[in-house]
Amino acid sequence: MGSSEKKEKKEKKEKKEKREKKEKSAKRDRDGGAEKKTSDGGHKKSKVSSSNEYAAVGDRELASTSSAFQRVFYEPPKKLASMSAKDVAAARETLAITQVEGLDVDLAPVSTFEDAGFSKELLRVTANFQKPSPIQAQSWPIVMSGRDMVGIAATGSGKTLAFGMPALTQIRSQPPCKPGQPICLVLAPTRELAQQTAKVFDDAGEASGVRCVCVYGGAPKYEQKNAMKAGGGAAVIVATPGRLRDFMEEGVIKLDRVTMLVLDEADRMLDLGFEPEIRAIAGATRADRQTVMFSATWPMSVQSLASEFMCNPVRVRIGSEGLKASQSITQIVEVVEPQDKDRHLARVMKQYLGSPKDCPRTLIFGLYKKECANLHQRLSREWPAVCIHGDMSQADRERSVEAFKKGTSRILIATDVAARGLDIKGVEYVINYTFPLTTEDYVHRIGRTGRAGATGLAHTFFTQHDKARAGELVNVLRKAGAEVPEDLTKFGTHVKKKESKLYGAHFKEVDMTVKATKITFD
């Protein structure tokens, strides 16, 4: 082994040891002090004091180096506080709020933006909206009351403002932040979702004087470092886990002042293997932070994460349990032979899009990077198409999305990297050239159309290679009242039990109400 190889191996080992040391230290900071031993061998719970004491903090104790922060900003208006249980249930039914679990005192959904208790400056952000979306209506009273919350809602439901408005309210009640020491941290699974969320914070923060910086891989680090230092520091950092972890290890970002942690698209982050990063990041934040998690689905992995990182969370679900596509989307599923997909795609595009000169905004999804690149190469000869996939540089991806948004290119060909987070208005058609690996991703793909009350159409090619997902797809179609093709049912309608990628199908349901117990071995 050469001297350069030995040196490289030594550096990697030292970096690994340094990372493990930081993780252990962060874990001690998070876990230490929640319980203190008394002289008689028992345990005495520490009391959390703040300007607004709130029982939801439970056993978590303030970090010894952190001062208390205000977490309660909500006082129910008389018209909501006086509502009967029957009236609250009726209001939730109207909004398709199917579950609110974990509240000691029930909080009715708000009907206007003013009811939520936001300042006049923040209410400017909502000036162009008629009324709160269902997830906003129920989330705001809960999060503004200082509670941890899990929101289960489809993409395009307005969840960014559901956590963004309370986060800005909390930030404005605290002293100014320092560079690299955010008050609110939002984790997102992809660059596109992170950028989309940061854009909402930028617009909202402009009205309230709060700066936001977006941190993600694939872009120069020095630019993001400079952005965090500018203007006295950014109170909000929206980040993908990998790049954030890099900055933490370099000492560029410290999270000991984070009082609100948001995990957006938590299910997707776990699917992408970000659990180690999430654990390290959460462990570096304040022990008494407020944690808000949003997920489109509620698998065992997300339940376990919520039970570990959240304190007595309230669970809010919008819509029915399980996978459900929006009623505003017309779903057409066509069973085809794999080798015939190009011929069917040409037919469908002419049927829906008409001529290339004036075609409606359309998303075409492929499964693999090379597949999307080849599709783009073929279609761009005739159609105004751009593409986005993982092999493209960040700059090229941003140019493609911008061209699609502006309408200079009316067709975007994408892998599932664009299935979540891209909120592009006016997408009329979604064509699934290749069915995704999971039915959850199918629902997210077609959810790019039919957003914010508009209607849309999704046309999907399904082949024998996708037959393992036939049962789930049939269920999604039936729940939405869509036609189920006979050829699809021939593959079978059985739904396989979901399995953990690491542990198989033998894990248990997690009871969120049971507190951890200490086991003593004799």
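Colleague: Where is asparagine 312 found?
Modeller: Asparagine 312 is in the loop between H12 and strand S10 (314–318). Helices (H or I, at least four residues) and strands (E, at least two) are DSSP runs, numbered from the N terminus.

Colleague: What about phi of asparagine 312?
Modeller: Asparagine 312 is not a glycine, yet its phi is positive, about 45 degrees. With a relative accessible area of 37%, asparagine 312 is partly exposed. Buried means under 20% relative accessible area, exposed over 50%, and partly exposed in between (1.4 Å probe, protein chains only).

Colleague: And what is phi of alanine 96?
Modeller: Alanine 96, a residue other than glycine, has a positive phi near 60 degrees. Alanine 96 sits in the loop between helix H3 (85–94) and strand S3 (97–101), and at 37% relative accessibility alanine 96 counts as partly exposed.

Colleague: Before we go on, what should I know about the model itself?
Modeller: This is a predicted model: local features need pLDDT of at least 70, side-chain atom pairs count only at pLDDT 80 or more, and totals for chains, interfaces and linings use all residues. Residues are numbered from 1 along each chain as its sequence is written, and side-chain values use heavy atoms, with hydrogens and water left out.

Colleague: Thanks! How many helices and strands does the chain have?
Modeller: The chain has 18 helices and 16 strands. It has 522 residues, and 51% of them count as buried. Of the contacts between residues at least 6 apart in sequence, 75% join residues at least 24 apart; contact means heavy atoms within 4.5 Å.

Colleague: Back to helix H12, then. Which residues of H12 are buried?
Modeller: In H12 (residues 300–309), Met300, Val302, Gln303, Leu305, Ala306 and Phe309 are the buried ones. They pack against strands S4 (149–152), S8 (260–263) and S9 (290–295), and against helices H10 (266–271) and H11 (275–283).

Colleague: At what angle do H11 and H12 pack?
Modeller: The angle is about 15 degrees, and the axes of H11 and H12 are 12 Å apart. That is why H11 counts as roughly parallel to H12. Axes are lines fitted to C-alpha atoms, for helices over the stretch in contact, and angles run from 0 to 180 degrees between N-to-C directions. Angles under 35 degrees count as roughly parallel, over 145 as roughly antiparallel, 65 to 115 as roughly perpendicular and the rest as oblique.

Colleague: Which residues meet there?
Modeller: H11 brings Ile278, Arg279 and Ala282, which meet Leu305, Glu308 and Phe309 of H12. The residues of this contact divide into four nonpolar, no polar and two charged. Here Ala, Val, Leu, Ile, Met, Phe, Trp, Tyr, Cys and Pro count as nonpolar, Asp, Glu, Lys and Arg as charged, and the others, Gly among them, as polar.

Colleague: How about H7 and H15, at what angle do they cross?
Modeller: H7 (residues 191–208) and H15 (residues 394–406) cross at roughly 60 degrees, and their axes come within 12 Å. H7 and H15 are therefore oblique to each other. Arg191, Glu192, Gln195 and Gln196 of H7 make the contact with Gln394, Arg397, Glu398 and Lys405 of H15. Those residues divide into no nonpolar, three polar and five charged.

Colleague: Is histidine 389 buried or exposed?
Modeller: Histidine 389 counts as buried, at 7% relative accessibility. Histidine 389 lies in the loop between strand S13 (385–388) and H15. Leaving out residues up to four places away in sequence, histidine 389 touches Lys369, Cys372, Ala373, Arg397 and Thr415.

Colleague: How many residues are in the largest nonpolar core?
Modeller: The largest nonpolar core has 52 residues, and those with the most contacts inside it are Phe118, Trp140, Met149, Phe201, Val236 and Val238. Its largest share, seven residues, comes from helix H6 (residues 159–172). A nonpolar core is a set of buried Ala, Val, Leu, Ile, Met, Phe, Trp, Tyr and Cys residues joined through side-chain atoms within 4.5 Å.

Colleague: And what does phenylalanine 163 touch?
Modeller: Not counting residues up to four places away in sequence, phenylalanine 163 touches Val186, Thr197, Phe201, Met260, Val262, Asp264, Val292 and Phe294. Phenylalanine 163 is in helix H6 and is buried, with a relative accessible area of 0%.
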